[in-house]
Amino acid sequence: MPSELFSNLLLVVIVLIFNFLAATMWFARVSVKHIDRQLALSGVGKPVWDGIGIRISIYALAILSEWFAKTPLIAGAEVRAIARRKDYYLALWFELSFLLFLVAVFVIYPFIRD
């Protein structure tokens with residue numbers, strides 16, 4: 001019975017990994033690309049400190065939260081003004097899929113054998 005539970009939980013984690021990867025790709029390709037283009041047109045530009053794409057999660061949090069948009073890391077007010085309705089939904093999918101993936105990893109961890 002425990003091995004069947006483990007295999008089912010492992011399947012859920014694998015599905016959530018692919019869900020998170022899909023959400024990341026969609027949000028980065030659609031929303032972040034649009035936001036970066038609009039920021040460049042307005043003269044703000046993307047953050048100079050970001051070399052590997054950390055701004056992706058910060059953009060998502062800024063779109064979802066007015067409080068987080070006040071961060072000095074990005075131009076949060078501009079990002080919120082530029083964001084479209086579909087950017088909001090993609091950011092929500094991105095953040096929720098990451099949260100579900102983390103919860104699933106913590107749930108499955110005790111079942112992993114040494």
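Helices here are DSSP runs of type H or I with at least four residues, numbered from the N terminus. Ser 97 has its place in one of them, helix 4.

Before going further, a word on what you're looking at: this is a predicted model, where local features need pLDDT of at least 70, side-chain atom pairs count only at pLDDT 80 or more, and totals for chains, interfaces and linings use all residues. Residues are numbered from 1 along each chain as its sequence is written, and side-chain values use heavy atoms, with hydrogens and water left out.

**Helix 4**

Let's stay with helix 4 for a bit. It runs over residues 85-108 and has 24 residues. From its first C-alpha to its last it reaches 35 Å, close to the 34 Å expected at 1.5 Å a residue (the expected span is 1.5 Å times one less than the number of residues).

Ser 97 is buried, at 1% relative accessibility. Buried means under 20% relative accessible area, exposed means over 50%, and partly exposed is in between, using a 1.4 Å probe and protein chains only. Leaving out residues up to four places away in sequence, Ser 97 touches Asn 19, Phe 20 and Ala 23, where contact means heavy atoms within 4.5 Å. Other buried residues of helix 4 include Leu 90, Phe 94 and Glu 95.

Leu 5, Leu 96, Leu 99, Val 103, Val 107 and Phe 111 make up a nonpolar patch with about 500 Å² of accessible area together. Such a patch joins nonpolar side chains (Val, Leu, Ile, Met, Phe, Trp, Tyr) within 5 Å, from residues with over 30% relative accessible area and no salt bridge; the areas come from the Shrake-Rupley method with a 1.4 Å probe. Helix 4 supplies the largest share of the patch, 4 residues. Val 103, which lies in helix 4, is partly exposed at 45%.

**The cores**

Now for the inside. A nonpolar core is a set of buried Ala, Val, Leu, Ile, Met, Phe, Trp, Tyr and Cys residues joined through side-chain atoms within 4.5 Å. The largest one has 18 residues, and Phe 27, Ile 35, Tyr 59 and Val 79 have the most contacts inside it. Helix 1, helix 2, helix 3 (76-82) and helix 4 each give two or more residues to this core, with helix 2 giving the most, 6 residues. Apart from this core lies another, of 6 residues, among them Val 13, Leu 16, Phe 101 and Ile 108.

**Salt bridges**

Finally, the charged pairs. A salt bridge is a side-chain nitrogen of Lys or Arg within 4 Å of a carboxyl oxygen of Asp or Glu. The whole structure holds 3 of them:

| Pair | N to O distance |
|---|---|
| Asp 36 and Arg 55 | 2.7 Å |
| Arg 55 and Asp 50 | 2.5 Å |
| Asp 87 and Arg 84 | 3.0 Å |

The salt bridge of Asp 36 and Arg 55 links distant parts of the chain, with Asp 36 in helix 1 (residues 2-42) and Arg 55 in helix 2 (residues 55-64), 19 residues apart. Asp 36, Asp 50 and Arg 55 are linked in a network. Arg 55 is buried at 12% relative accessible area, and Asp 50 is buried at 9%. In the remaining pair, Asp 87 is buried at 0%, whereas Arg 84 is partly exposed at 30%.

Technical notes:
Patch = residues over 30% accessible without salt bridge, like charges linked within 9 Å, V, L, I, M, F, W, Y side chains within 5 Å.
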